[in-house]
Amino acid sequence: MTETVVSTDRLTKRYGSRAAVDSVSLTVRRGEVYGFLGPNGAGKTTTLRMLLGLIRPTSGSARVLGHRPGAPAATARTGALIEGPGFYPYLSGRDNLRVMARYRGLAETDVDLALARVDLTAHRRSAFRSYSLGMKQRLGVAAALLGRPELLVLDEPTNGLDPAGMADLRQLLVDLAGQGQTVLISSHLLGEVQEICDRVGVIRNGRLITESTVAEVRGTGSLYVRAEPTGTALAVVARIVGDHAVTLTARGIRIDGDISLAPEIAKALVGQGVLLHELRVAERTLEEVFFELTTNESVPAGAGARRTDS
Ligand SMILES: Nc1ncnc2c1ncn2[C@@H]1O[C@H](COP(=O)(O)OP(=O)(O)OP(=O)(O)O)[C@@H](O)[C@H]1O
């Protein structure tokens, strides 16, 4: 059975009359990378702060590693990067972590291990203030890794990272999850995390609008057909999937809906003597899905094709 590491039940935080987090019920399972996704101001940080026991919910409840948020038994097994940890500017990266480790009663060896994990060993003796934004962010992740926590909570950890830094961080999170660590990561940049998340929760205006696997959130995707003569191909395809699901685009016939119909469509086209040049699946990126979910508008036609063509 999958073990639940974090769960919330109608978790709500109000500031005045406004609900920053509105009845959010989510579940994070052991060993998964869970992406908590939503635009700026959606309520991600407020939710994570409640999970860490930094603020109290107005109503609803949460459990973290079997305890109430902020309970010592939960906090000791959780590493967090939220709103930039307070580092001493004149101390080196290593000394900053040593201060933290000492404060938390952890071994010095933990510090070097954490620095190595985020690839900061070579810069361990440089003053924190001389670090680039990306290095500062990596040191924040290293601080969260101190004590080898079971649960990592990272609020927008990719902020300030260049593409190489993001790729490194993604690999690190995948490695950690591979070792059984649970990672809860928030982001407003969906393309950055969609490859590494086992499941995602999408939040907008304080409400969780969906929670599922990346594949499920992406939905069924589209098929593209390039065939001649186009008119006959259109008619054949429409007969199978219905008129409403077929659009003629510059890249061919787009079919929205059930991509498992691909073999049937191919067979029918060939059976009708149509010359089939191409039949391919264009899965939607999470960004496209997210755009739909959070704006209630459809993705501009051909957006999926543009992306997959490049
Ligand atoms: N202490 C506070 N007092 C009043 N309003 C707050 C407070 N903290 C957060 N909010 C409001 O709650 C909403 C959610 O903010 P939150 O920081 O959780 O969003 P977010 O999804 O983390 O966005 P971002 O990525 O910009 O941090 C915002 O409208 C914010 O202005």
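Which residues are around the ligand? They are Y15, A20, G38, N40, G41, A42, G43, K44, T45, T46 and H188, where a residue counts as near a molecule if its C-beta atom, placed from the backbone, lies within 6 Å of it. The model is a predicted one, in which local features need pLDDT of at least 70 and side-chain atom pairs count only at pLDDT 80 or more, while totals for chains, interfaces and linings use all residues. Residues are numbered from 1 along each chain as its sequence is written.

The shell around the ligand divides into three nonpolar, seven polar and one charged residue, with Ala, Val, Leu, Ile, Met, Phe, Trp, Tyr, Cys and Pro counted as nonpolar, Asp, Glu, Lys and Arg as charged, and the others, Gly among them, as polar. Helix α1, residues 44–51, gives the most to this shell, with three residues.

The chain holds twelve helices and 14 strands, which are DSSP runs numbered from the N terminus (helices H or I, at least four residues; strands E, at least two). Its C-alpha trace spans about 75 × 45 × 40 Å along the principal axes. Of the 310 residues, 37% are buried, that is, they have 20 or more other C-beta atoms within 10 Å of their own, with C-beta atoms placed from the backbone.

The largest nonpolar core has 60 residues, of which A142, V183 and L184 touch the most other members; such a core is a set of buried Ala, Val, Leu, Ile, Met, Phe, Trp, Tyr and Cys residues joined through C-beta atoms within 7 Å. Helix α5, residues 133–145, gives the most to this core, with seven residues. A second, separate core of 14 residues includes V225, A227, A233 and V274. Leaving aside neighbours within four places in sequence, L184 is in contact with V6, V28, Y34, F36, L151, L152 and V153, contact meaning C-beta atoms, placed from the backbone, within 7 Å.

An open sheet of four strands has the order β12-β13-β11-β14, with antiparallel pairing, where two strands pair if DSSP finds at least two bridges between them. Because β12 and β14 stand at the edges, each with a single partner strand, one side of each is left without a neighbour in the sheet. Strands β11 and β14 pair in the antiparallel sense over seven bridges, and S222 stands opposite A282 in β14.

| Element | Residues |
|---|---|
| Strand β11 | residues 222–228 |
| Strand β12 | residues 246–249 |
| Strand β14 | residues 275–282 |

Helix α10, residues 262–271, lies across β11 and β14 and runs at about 170° to β14, the axes being lines fitted to C-alpha atoms, for helices over the stretch in contact, and the angles running from 0 to 180 degrees between N-to-C directions.

Technical notes: Buried ≥ 20, exposed ≤ 12 C-beta atoms within 10 Å, placed from the backbone. Contact = placed C-beta atoms within 7 Å.
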